[in-house]
Amino acid sequence: MKKKVIALILAGVMTAGLLAGCGGGDAGQAEMSENTDNAVVEDAAENREEVEEPKKEAEDGPITLKFATGSSECVTALNTVFSKYNEEHPNVTVEVTVLPGGVAGFNSAMASKLAAGDAPDLFQYQWGTQINAYAKGGNLMDLTDTGIRDVVQDIKKPMNVYDGKDYAYPVEFSLWGLMYNTELAENAGVNETPKTFDEFIGAMDKIRDSGVEYPFIVPAKDGSGATGFVFCYLHQIVSGENPEFYYQCCTGDKGWDGEEWRSLFDTYAEILNYANPDSLGLDVDNALTRFARQEGAFMVSGPSTIKKLEEMNPELEGKLKYIPFPLYANESEYKTIADFDSCISVWSGTRYPEAAIDVYKYLYEPENNMLIAESRNAVSVVKNADTSYVDASLQDQVHLLDEGKYVGYSEREWIPGIKEIMKTIVQEWIGGTDLDTTLANLQKEHQRLLDASPEFLKEFEELRSSTGE
């Protein structure tokens, strides 16, 4: 790959939003909440039956395919890939369009396009339950026999499967964890990256003793900043050990006042002993300013934030690492948090199915997939892809992905609304609400949402059945 191309792509990353996600989700806070209205998609599917079925056209003349994405930061990379494809296939042009409005906006726009029988031929959207909803509505082309499954890394949570068939494949690995100032650590005598919780606490003790009053920065004025640790713990410890945990919370086999939640909050309380006491008044922007001034050594954030900090303080270049949250008791358990951020599907109504599939396969050639992943400081999903482009701050995690030592995001299937409630309740806990009241409130609010949406559990179970989870 040409260095000039890499520089161009990285320049696009620099101008992207700090916490933007390639699939239109909130990747910056690792919540990846879909907040989608699957009923809208089902309505679109019903309405599509009234629209004349698109006629398939001959594919030996000029062809223009439409590609829609939910995020603007991927556009430069996509156009680069499609320009190369056009050079090799002069009769095929691929036009990229951004559907703005985040996950909900993208899915709403797609529902309208599907209902009108005028959807894009290929589209990139959030990896999650929406794949199943589109497939159930008959809107996606079966990709099972394309050979892509053999090309990409292991799919641990088969969100792309409906009734035993593949209808999407992931685009990139998005990581989640801690920003770590290695210079502050080394100045305090910490020369190894902490990989266990005891090592982590020991490192913060040394860093505080060296003069950094609050080694851990928490921007809890924003609910996502308040719950950054919460989701790290859920990903790595709770769901990492028991992938059935949230489903069991929905069925009543597990409770929000159980040992998992209590252990989570007990661990969080221990970490807050090292955090800024004004966390409820600190927003993300000011937290990053403090981190750039080296007033803290650890902060939960997305990996793209590393680049932002190096822009704010060029002296930090080469001194920041992005690491998994060291929550484990033993180093042998050490894993990172990584999951698929966005995916790509082909519309079942495309007029050019052969060309669309050929373009689809082209997107998963190693160099092309790498360009797309690089556009948001993520890691390619293609097996044995070149990872030399991956930012130095992330290089220590590449081998963990290669070795399968990673856990996915735990909350892709959670009932809409609960995470916003969690953010508020966690803020109240940080402000002094006792743990019993906090957990009781979480239990009550979750049950209220379940009672208000009795179809959720049925759809959740249908998803698990169709994907084989």
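1. Burial and overall make-up. Of the protein's 469 residues, 56% count as buried. The model is a predicted one. The protein holds 19 helices and 13 strands. Among its contacts with a separation of 6 or more, 80% are between residues 24 or more positions apart.

2. Helix H5. The buried residues are Thr129, Gln130, Ile131, Asn132, Ala133, Tyr134 and Ala135.

3. Helices H3 and H14. H3 spans residues 75–88 and H14 spans residues 353–363; the two pack at an angle of about 120°, and their axes are 11 Å apart. H3 is therefore oblique to H14. Their crossing is right-handed. On the H3 side the contact is made by Leu78, Val81, Phe82, Lys84, Tyr85 and Glu88, and on the H14 side by Ala355, Asp358, Val359, Tyr362 and Leu363. By class, the residues of this contact are 8 nonpolar, no polar and 3 charged.

4. Helices H11 and H17. The axes of H11 (residues 259–272) and H17 (residues 418–430) come within 12 Å, crossing at roughly 50°. The two helices are therefore oblique to each other. H11 and H17 cross in a right-handed sense. H11 brings Trp261, Phe265, Tyr268, Ala269 and Leu272 to the contact, where they meet Met422, Val426, Trp429 and Ile430 of H17. The contact of H11 with H17 has 9 nonpolar residues, with no polar and no charged ones. As background to the spacing of such residues, an α-helix has 3.6 residues a turn, so residues three or four places apart point the same way.

5. Helices H12 and H13. H12 runs over residues 284–292 and H13 over residues 305–312; their axes come within 9 Å and cross at roughly 60°. The crossing of H12 with H13 is right-handed. From H12, the contact uses Leu288, Thr289, Phe291 and Ala292; from H13, it uses Thr305, Leu309 and Met312. The residues of the H12 contact with H13 divide into 5 nonpolar and 2 polar, with no charged residue.

6. Positive phi at Gln294. Most residues other than glycine have a negative phi. Gln294 is not a glycine, yet its phi is positive, at about 60°. It lies in the loop between H12 and strand S8 (298–301). Gln294 counts as partly exposed because its relative accessibility is 21%, and the class of buried residues ends under 20%.

7. Positive phi at Asp163. Asp163 is also a residue other than glycine with a positive phi, here near 50°. Its place is the loop between strand S4 (161–162) and strand S5 (165–166). With a relative accessibility of 56%, Asp163 counts as exposed, since that class begins over 50%.

8. A buried loop aspartate. Where does Asp391 sit? Asp391 is in the loop between strand S12 (379–380) and helix H16 (395–402). Its relative accessible area is 12%, so Asp391 counts as buried. Leaving aside residues up to four places away in sequence, Asp391 touches Ile306, Lys307 and Asn377.

9. Cysteines. How many disulfides does the model contain? The count comes to 0 disulfides, where a disulfide requires a pair of cysteine sulfur atoms within 2.5 Å. Cys232 is buried, with a relative accessible area of 0%. Cys343 is buried too, and its relative accessible area is 0%.

Terms used: Residues are numbered from 1 along each chain as its sequence is written. This is a predicted model: local features need pLDDT of at least 70, side-chain atom pairs count only at pLDDT 80 or more; totals for chains, interfaces and linings use all residues. Side-chain values use heavy atoms; hydrogens and water are left out. Axes are lines fitted to C-alpha atoms, for helices over the stretch in contact, and angles run from 0 to 180 degrees between N-to-C directions. Helices (H or I, at least four residues) and strands (E, at least two) are DSSP runs, numbered from the N terminus. Angles under 35 degrees count as roughly parallel, over 145 as roughly antiparallel, 65 to 115 as roughly perpendicular and the rest as oblique. A crossing is left-handed if the near helix is turned anticlockwise from the far one by less than a right angle, and right-handed if clockwise. Contact means heavy atoms within 4.5 Å. Ala, Val, Leu, Ile, Met, Phe, Trp, Tyr, Cys and Pro count as nonpolar, Asp, Glu, Lys and Arg as charged, and the others, Gly among them, as polar. Buried means under 20% relative accessible area, exposed over 50%, partly exposed in between (1.4 Å probe, protein chains only).
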